[in-house]
Amino acid sequence: MKPVLSTDEVVRLEDIIEKEGTSKAELMELAGEFVAQEVERLKPRHVLILTGFGNNGGDGWVAADVLSQKGISVDVVTPVEPDEIPAVLARHVARRTAARDVSLYVGPSRDELSALLEKADVVVDAILGTGFHGSLRSPFSIWIRTVNDASPVVVSVDVPSGLDARTGHVEDDCIRADRTVTMLAPKIGLYSGDGPEYVGELVCGELYEKMDEVIGDVEHAAEIVEPADIVDYLQHLPANVDKYSRGSVLVVAGSTQYPGAAIMAAKSAARAGAGYVCVAAPEPCANIIRLALPSIPVVGIPYDSRGSFGAAARSAVCDLAKKYSCVLCGPGMTVSAGGMDVALGLLELDVPLILDADALNCLAKASIGGIDQTPEMYRREAPLIMTPHYRELSRLVGGDEVSDLVSAIDAAQKIVWAAGSDNLVVVAKGPTTAVVGVEKVLLPMSGPASLATAGSGDVLAGILAGSMALWADQVDIWELLVSYAVAIHSYTGFAAAEEYGEKSVIATDLIDLIGPAMHLAGDEALRSLGLLDGEGA
Ligand SMILES: NC(=O)C1=CN([C@@H]2O[C@H](COP(=O)(O)OP(=O)(O)OC[C@H]3O[C@@H](n4cnc5c(N)ncnc54)[C@H](O)[C@@H]3O)[C@@H](O)[C@H]2O)[C@H](O)CC1
Ligand SMILES: [K+]
């Protein structure tokens with residue numbers, strides 16, 4: 001797994017590295033050399049480097065120096081003369097570079113900048129890095145707009161200028177990078193909010209050769225889950241399995257209004273590997289589900305006047321639930337008094353439980369001021385996975401704004417820290433999904449935008465349930481198994497987009513692609529471990 005840091009932790013890491021004997025000036029030299037190396041790979045004849053007032057600019061000045069010494073023609077744009085640059089380290093490297101064979105442009109007009117952009121093969125954006133917050137001031141606001149209008153090939157240093165590296169928020173404009181070369185470790189803002197839209201391809205220059213020895217000394221905002229990390233869950237089934245040893249899932253879901261959600265979740269659980277799946281649904285919609293899923297038994301449950309779970313549903317569901325390896329509750333069940341009772345009843349049982357969709361909305365309704373204010377409601381021994389999207393997550397914590405990855409992680413941590421259990425995981429679903437446990441925040445591979453379609457969450461919940469049933473006995477870190485399920489869901493999105501077209505994917509398409517998605521994930525894992533060459537087995 002690859003660590004992702006907050007900007008505060010990057011500063012702490014730099015201090016630790018300095019204590020170990022590598023100064024910040026040396027880090028800037030290494031950063032600039034790394035940028036130059038990445039730019040050189042694009043084989044430019046003419047490079048334009050835009051620098052700011054701070055150390056991000058310093059990295060750009062070093063890159064200018066290195067590239068010019070390699071015989072590449074380099075123009076450097078700076079807001080002030082090198083002697084007037086306020087940041088000490090950046091001023092030092094700017095003075096040095098200015099004395100070399102580079103062309104300097106101090107505070108160019110918009111037209112002058114446009115002319116420089118026109119002759120550049122590659123533009124290096126070293127205007128603003130982790131020190132940038134708030135709204136853009138002149139001249140950078142104008143520079144950034146001019147660059148984006150010209151749309152050249154852009155390599156951003158550390159962070160695309162204009163992006164707040166703490167949150168991923170873009171207030172005004174932001175450089176649209178083709179590639180972002182980030183230093184030491186990726187910053188959380190590159191994955192949050194507007195970040196993914198501007199970052200382009202992300203490359204990390206670790207710079208410090210003994211990174212492994214120091215990276216554990218700082219807190220990680222999150223960790224990226226790589227294909228090799230989930231390889232354990234991609235193994236073949238042992239030859240001696242039977243349908244019970246593969247694990248069983250009870251899907252507590254559906255209503256007259258939404259029988260389809262129960263159908264999609266149950267079928268996905270079966271496709272994800274569970275040996276036996278059963279649906280418990282309000283009686284009036286049970287037959288529709290039976291017709292759609294001939295291989296899956298459906299138990300009719302007492303219902304209310306709207307065709308949702310009714311007053312007697314709790315005991316019927318809980319009696320059944322005890323017999324399964326894992327229970328998924330929520331898809332399509334609507335928010336009703338009976339549904340609320342069912343969700344609260346399942347929380348009291350000693351069975352691995354996934355709460356999704358309306359089960360979470362029921363929970364939010366049953367608590368005052370957020371579930372984190374009443375952790376006893378969900379404190380339990382058996383594993384509990386909650387899978388809210390950002391809006392459901394906001395409701396769960398009493399209405400806090402959840403609008404991006406950073407605020408989603410904060411909200412999810414409130415929930416898991418209140419209970420303090422290793423067996424509790426919140427999957428904060430969004431453009432970048434975070435898997436949040438007490439100790440770890442994992443970022444599994446994100447899927448394509450095609451996954452943002454109605455019913456996609458029901459498929460994910462089913463994949464998660466099927467995976468839990470199959471692997472429950474062998475799990476060390478629940479966050480990792482959950483990340484595996486999220487990654488498989490992402491792969492179904494890529495496979496479906498390829499087959500049906502990006503905009504045309506509907507949730508039911510994803511279900512039959514769960515198997516192929518596992519193959520894709522398996523191939524990728526083996527390839528990254530060096531056990532598979534080329535396009536696949
Ligand atoms: N961490 C590392 O691995 C290394 C990082 N390096 C680079 O240093 C920058 C961070 O440098 P810093 O000087 O702290 O900040 P910036 O260069 O990002 O910018 C500060 C500069 O920006 C101006 N500014 C701030 N807000 C605004 C605004 N709203 N509008 C306009 N201008 C603004 C302000 O004047 C400040 O002076 C990091 O990103 C890396 O690229 C090192 O090189 C070594 C390794
Ligand atoms: K930058």
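How far apart do the end C-alpha atoms of residues 226–521 lie, and how much of the span is helix and strand? The end C-alpha atoms of that span lie 10 Å apart, and the span is 43% helix and 13% strand.

## Ground rules

This is a predicted model: local features need pLDDT of at least 70 and side-chain atom pairs count only at pLDDT 80 or more, while totals for chains, interfaces and linings use all residues. Residues are numbered from 1 along each chain as its sequence is written, chains are lettered from A and ligands numbered from 1 in the order in which they are written, and side-chain values use heavy atoms, with hydrogens and water left out.

For residues 10–215, the chain is 40% helix and 17% strand, with the end C-alpha atoms 10 Å apart. Helices (H or I, at least four residues) and strands (E, at least two) are DSSP runs, numbered from the N terminus.

## Around ligand 1

Ligand 1 has 22 residues around it, and the closest are Asn56, Asp59, Gly129, Ser135 and Asp158. To count as near, a residue needs a heavy atom within 4 Å of the molecule. Sorted by class, the shell has 10 nonpolar, eight polar and four charged residues. Here Ala, Val, Leu, Ile, Met, Phe, Trp, Tyr, Cys and Pro are nonpolar, Asp, Glu, Lys and Arg are charged, and the others, Gly among them, are polar.

Now for some polar contacts (pairs of N or O atoms within 3.5 Å). A polar backbone atom of Gly129 sits 2.6 Å from an oxygen atom of ligand 1, and a polar backbone atom of His133 is 2.9 Å from a nitrogen atom of the ligand. Glu14 brings in a polar side-chain atom, 3.4 Å from a nitrogen atom of ligand 1. Taken alone, ligand 1 exposes 870 Å², of which the protein buries 84%; these accessible areas come from the Shrake-Rupley method with a 1.4 Å probe. The elements giving two or more residues to the shell are α1 (7–19), α2 (24–40) and α3 (55–69), and α3 supplies the largest share, three residues.

## The largest pocket

The largest pocket holds about 860 Å³ of space. On a 1 Å grid over the protein atoms alone, a pocket is an open set of points with protein on both sides within 12 Å along at least five of seven lines, a cavity is a set where a 1.4 Å probe fits but cannot get out, and lining residues have an atom within 4 Å of a point. Grid points are joined across faces, edges and corners, and a volume is the space filled by probe spheres set on the points.

This pocket has 33 lining residues, and Lys429, Leu451, Thr453, Ser456 and Gly457 are the closest to its centre. Two or more residues each come from α13 (357–366), α14 (390–396), α16 (456–471) and α17 (478–500), with the largest share, four residues, from α16. The lining has 13 nonpolar, 14 polar and six charged residues.

The largest cavity has a volume of about 60 Å³ and is lined by Val225, Glu226, Pro227, Ile230, Met445, Ser483, Ala487 and Tyr491. That lining splits into six nonpolar, one polar and one charged residue.

The second largest cavity comes in at about 40 Å³. Its lining is Tyr378, Arg380, Ala382, Leu384, Ser421, Asn423 and Leu424.

Methods. A polar contact is a pair of N or O atoms within 3.5 Å; within protein, one must be able to donate a hydrogen and the other to accept it, and residues adjacent in sequence count only if both atoms are side-chain atoms.
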